Amino acid sequence: MRLIVLYGSRACEHDVSIITAVQAMDNADPSKYTVIPVYIDMAGRWWTGDALRRMDFYTHFDERRVTECQLVPKEGGGALLIKKKTGLFGGNAVLWDVECALMCFHGMNGEDGTVQGLLELYGVPYTSAGVLGSATGMDKIAMKLIYKGCGLPVLDMTWFERCDWQKDREAVLDRVEREIGYPAFVKPANLGSSIGITKARDCQSLADAIDTAASFDRRILVEHGVDHPDEVNCAAVGYGKNVTVSVCEMPVSWQEFLTFDEKYLRGGKGGTKGGVKGGVKSAMPAKGMPVKGGGGKNGMASLSRQIPAPIPDEMTNEIRSMTEQIFRVMDLKGVVRVDYIIDKAENKVYVNEVNTIPGSLAFYLFEPVGISYRELIDRMVDAAIEAHEEREASSFSFQSAILTKATGGAKR
């Protein structure tokens, strides 16, 4: 099977996406897949070439070692058009059928449903959530409103737009203090990896936090902050009713929230020379023991974490059940990770957010249940093909006489 790996794009999490993609390419089964990297740079240009499989290539990007490409429609599906140096239509262009796309985007213009919509239009199977799940999974405001509508536990929240803040700062501050109080977390609605998120404990820090969030997004979410919380994450893989839920994990250093640096730049001297050739391996410890990662080059896998999470079995079962419910309600697909916050004072679990394409594809959460990274990719591809076949079984045409009636009386 020809498997294109899509990643990068115009997003604040661009570099994290590269890490996830290189990991995935190194772990895809070469006996099953012809892996083709398709990297979208920050300018929106599409590139392919073997050089893209090395992590160190991106720090010294050389256009001479890669080739521009683009996805084009083709009867029965989509194709990758490789633009040769002689020109796009110079006779030497190559057209490759695309049998499946492995999605490794993080953030806007990739994880948010934009590329998923393009693939739907061209009839290409892909491994991430569909347009609906991807879009609502990216927008924290829409996501939280869906959770509330489903009766899932979420922290008190309010939201507003950047124009509201620019028009009347005092009115927004008064509203947040009245509805949420302190401490409060201020978040851009459409970013991940903790970018732009700030905890506010008074009016001045709240104003500064809103300024920060407003520099990243036009929609801003403010949530009630829990003092001394724990975070627990749980993943799921599959499609429809065929869902496998992972074990739970607890990031060791998580106190109020993990910064971008804590997630991806811890122990930056670690990792493997020249990238992550051979994939990322992790030994699963006994319950309650932390996993030490291999440095920033290993993405989310580099984070110190406790697997399984040291929480009561009853709470573990509650979180795993909610993870499956969220997977089904949002019509998700492939691998997702749901993040939860535990208020230790109340011994209560709150749903924080869903990551429709989690860092490192959350492979480390499935290894303890016997699913290797290689098998995880197989399951994602299987889910993509199944969802595509189910979609193609639906009718996309409807015979009507509208155009005939509209043009029948017109004179030439």
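I started with helix H1 (residues 14–27), which lies across strand E1 (2–8), strand E2 (34–40) and E7. H1 runs at about 160° to E1. Helices (H or I, at least four residues) and strands (E, at least two) are DSSP runs, numbered from the N terminus. Axes are lines fitted to C-alpha atoms, for helices over the stretch in contact, and angles run from 0 to 180 degrees between N-to-C directions. Contact means heavy atoms within 4.5 Å.

This is a predicted model: local features need pLDDT of at least 70, side-chain atom pairs count only at pLDDT 80 or more, and totals for chains, interfaces and linings use all residues. Residues are numbered from 1 along each chain as its sequence is written, and side-chain values use heavy atoms, without hydrogens and water.

Next I checked helix H2 (residues 114–122). H2 lies across E1, strand E3 (46–48), E4, E5 and E7, at about 50° to E4.

Then I traced the sheet. It is open, with 7 strands in the order E6-E5-E4-E3-E2-E1-E7 and mixed pairing. Two strands pair if DSSP finds at least two bridges between them. E6 (94–98) and E7 (100–103) each have a single partner strand, so one side of each lacks a neighbour in the sheet. E4 (residues 67–74) and E5 (residues 77–82) pair antiparallel over 6 bridges. Cys-69 has Ile-82 in E5 as its bridge partner.
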